[in-house]
Amino acid sequence: MSNSLKNEIAARLEFYRELGIEEFFIEPRPAAELSGTIPGERTISNEPVQPAVAADLATQSAAPAQRPPTAARSLNLFEAEKPRAKERETLEHVQSDLGECQRCKLAGGRKHIVFGQGNPRAELVFVGEGPGADEDEQGLPFVGRAGQLLNRMLQAVGIRREEVYICNVVKCRPPGNRTPERDEVEACSPFLFRQIESIQPKLVCCLGAPAVKTVLGLKEGILKLRGRFYDFGTAKALATVHPAYVLRNPREEKILREDFAKIRDFLRATATR
Ligand code: URA
């Protein structure tokens, strides 16, 4: 084997290691098949990701900054589309891979990474946009005014905050609470998808347009998308408005109330006795 091929393989293994894939096996193949790109490797398109595809991507190998990576812990290098076994990755493992992240420019301005909080086996996961000042201070999601409104909405439908899991599209505070930028979302969202893959919830509730766009690949206005359930792999996703929107438009609280009632009804209807 030439040194350049060895180096190429070493670089590829390092790439997968960064994704959290540490176990590899190789099926013997004719040498001609070993040149060029790895079979199953996909190129990234700038097109919006459609719901089914977004969910599908969450279960496949992915470039760290651009695609949700697989939660499978082993990967046949030459059949990248066919993970050998599908084990659940732990949230601790995802968090340790994230480490003291410097993958995007938000790292420079943060006090704390806000990884996520809640039940690692939650049936319901909330995805917000990104930490604000209070969250950055405490390292916990939705602990400021928007968080208090989220708590009230949960209480109104009889769901305890400890039962659910709460996280964000980006894990570091965008300056001045601006919307996360594309490169920031691309750097961070693979970790979000790994969290969801690890938890395997029944329902993902996307709070606001950036969450809907990231999770479901849908770009229409949130007022058009809200209140509806979408397929998300084997789970469902519901789009609703961000609590911060309701804080700015208090008369719109009825939207959140209505959508949280749908969450409650969905969880009741799918409960296994
Ligand atoms: N807004 C968000 O989107 N996420 C938080 O964690 C807090 C406020």
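These legends walk through close-up views of the ligand site in a predicted model. Local features need pLDDT of at least 70 and side-chain atom pairs count only at pLDDT 80 or more, while totals for chains, interfaces and linings use all residues. Residues are numbered from 1 along each chain as its sequence is written, and side-chain values use heavy atoms, with hydrogens and water left out.

**View 1. The shell around the ligand.**

View 2. A ligand oxygen atom lies 2.7 Å from a backbone N or O atom of E129 (a polar contact is a pair of N or O atoms within 3.5 Å). For G130, a backbone N or O atom is 3.0 Å from a ligand nitrogen atom. The side chain of N168 places an N or O atom 2.8 Å from a nitrogen atom of the ligand. On its own the ligand has 240 Å² of accessible area, and the protein covers 92% of that (Shrake-Rupley method, 1.4 Å probe).

**View 3. A closer look at N168.** This residue belongs to strand β5, residues 165-168 (strands are DSSP E runs of at least two residues). N168 counts as buried because its relative accessibility is 2%, where buried means under 20% with a 1.4 Å probe and protein chains only. Its side chain also reaches two backbone nitrogens, that of E129 at 3.2 Å and that of G130 at 3.4 Å.

Terms used
Polar contact = N/O pair within 3.5 Å; in protein donor to acceptor, adjacent residues only side chain to side chain. Helix = DSSP H or I, 4+ residues; strand = E, 2+ residues; numbered from the N terminus. Buried < 20%, exposed > 50% of the residue type's maximum accessible area, 1.4 Å probe, protein only.
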